[in-house]
Amino acid sequence: MKIIILGAGQVGGTLAEHLAHEENDITVVDTDGERLRELHSRLDIRTVSGAASYPMVLRQAGCEDADMLIAVTNSDEVNMIACQVAHTLFRTPTKIARVRATAYLTRKGLFAHDAVPIDVLISPEQVVTDHIRRLIDYPGALQVLEFANGIVQLVAVKAFYGGPLVGQEIGFLRRHMPKVDTRVAAIYRRNRPIIPRGDTVIEADDEVFFIAARRDIRSVMSELRRLDRDFRRVVIAGGGHIGERLAETLEHSHQVKIIEHSLERCTTLSERLDRTVVLHGSATSKRLLLEENIEDCDIFCALTNDDEVNIMSSMLAKRLGAKKVLTLINNAAYVDLVQGGEIDIAISPQQATIGGLLTHVRRGDIVNVHSLRRGAAEAIEAIAHGDAHSSKVVGKTIDHIDLPSGTTIGAIVRGKEVLIAHDDVVVESGDHVILFVIDKRRIRDVERLFQVGLTFF
């Protein structure tokens, strides 16, 4: 595909890196020449320096015959105008834009073919807020991903000493929990992936990805680690867009406090939120944290725009007695450094956002993509089409599907029914198939599996 990415910031740069390795023709546009040179030196991409919404710059970037425009600059207005220009002058087929401001997002009819022609809206703040909310709903999970409108979930947990399954073969799980159907999709041991088989033994400290119907998730988690009690008291450091949205979603079911250093922002937050306690001060102030009884806090969420403040406030909160700490980290290089020590969960907003963008880039009928392990792996939801003659998956049992190496099928959703992917399950047309791919180089092969042959037409 010929794809133009507007904006070479963290999301644009990360996306270019993902797509350039998959044999796409990528052009990145930005006003920051130094950042473009740095990307060009690392990746096989074209770069164009200039204002992303100018017709001349878009023409220079190749908008006339581009398949897709992805506008992820820091300005909502530039992203919107760029999509309008691409539609009006160049008839670009697919236009994706990042829009952050709620003032735009809440206006019905604004983003339509005959208004502002954006095909797909991406709101990183909402994506990250939803991601954090799911982690708060499942204490002890490192990642919680939803498929088929939330019917199925893929959850990552760290196996702890003392868990009933630790030291046991995976096959034991089915015998031990006959009423709960689940499948271990992948295991990461000392940061290396293992494709699990029935005789694979789960070890303490393994990061285990398992898939199950939403209603069974807690039961399976309890087998791998002792279940943490539900989070009730939440402290949020940073009252920006994400902090505000998270407080809004939690305040009617949890006790929520926000710490914000800007007095003006504190006033705004106190007007907009109903039950949240808004505190003016620094999240790295030991005195403030002690005054607010941080030792009684179930989860401390550091969500400011500053990685260093997030890391330091999280470490301080943990040492002062917070049960769990969750830290937002923009610099992807920091994520692996800090997670697993005093910081329980580190979240990269770019990785959370990238999945939503990749969904629209994948070939075949791919309806959901989640980027995992900082982009090293992907979980994909694909819809099977065709019949036994035109499809490589329809009409076959799972053990007869020629899956690329490093790929496992975790579950199939048929209507409202969840079928965990055992070898004898037959794939039917219309099934939503959830796959786990640990080798990103195999993504194209997975896409080809779900493309229908010409005989179907």
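A cavity is a set of grid points where a 1.4 Å probe fits but cannot get out, and its lining residues have an atom within 4 Å of a point. In this predicted model, the lining of the largest cavity consists of Leu154, Ala185, Ile211, Thr408, Ile409, Gly410, Ile434, Leu435 and Phe436. The volume of this cavity is about 40 Å³. A search of the whole structure finds one cavity of 30 Å³ or more. By class, the lining has seven nonpolar residues, two polar residues and no charged residues. Domain 2 (138–222) and domain 4 (350–448) each contribute at least three lining residues. At the level of strands, β20 and β22 (432–437) each supply at least two.

Strand β20 also takes part in a hairpin. Residues 407–414 form β20, and residues 417–420 form β21; the two strands pair in the antiparallel sense over four bridges. Arg414 stands opposite Glu417 in β21. Two residues lie between the strands, and Gly415 has a positive phi near 65 degrees in this hairpin.

Most residues other than glycine have a negative phi. Asn149 sits in the loop that joins β7 (141–147) to β8 (152–158). The residue counts as exposed because its relative accessibility is 84%, and the cut-off for exposed is over 50%. Arg190 likewise has a positive phi, near 50 degrees. The loop between β9 (182–189) and β10 (192–194) holds Arg190. At 67% relative accessibility, Arg190 therefore counts as exposed.

The chain as a whole is assigned four domains: domain 1 (1–121), domain 2 (138–222), domain 3 (231–349) and domain 4 (350–448). The C-alpha centres of domains 1 and 2 are 38 Å apart. An unreviewed UniProt entry lists "domain: RCK N-terminal" for residues 1–122 and 231–347. In the model, the span 1–122 is 38% helix and 22% strand, and its end C-alpha atoms lie 20 Å apart.

Helix α9 covers residues 241–250. This helix is mostly covered, with seven of its 10 residues buried. The buried residues of α9 are Ile242, Gly243, Glu244, Arg245, Leu246, Ala247 and Leu250.

Notes
Residues are numbered from 1 along each chain as its sequence is written. This is a predicted model: local features need pLDDT of at least 70, side-chain atom pairs count only at pLDDT 80 or more; totals for chains, interfaces and linings use all residues. Side-chain values use heavy atoms; hydrogens and water are left out. Domain bounds come from an automatic or database domain assignment. UniProt positions are given in the numbering used here, feature names are shortened, and annotations may be inferred rather than shown by experiment. Buried means under 20% relative accessible area, exposed over 50%, partly exposed in between (1.4 Å probe, protein chains only). Two strands pair if DSSP finds at least two bridges between them. On a 1 Å grid over the protein atoms alone, a cavity is a set of points where a 1.4 Å probe fits but cannot get out, and a pocket is an open set with protein on both sides within 12 Å along at least five of seven lines; lining residues have an atom within 4 Å of a point. Grid points are joined across faces, edges and corners, and a volume is the space filled by probe spheres set on the points. Ala, Val, Leu, Ile, Met, Phe, Trp, Tyr, Cys and Pro count as nonpolar, Asp, Glu, Lys and Arg as charged, and the others, Gly among them, as polar.
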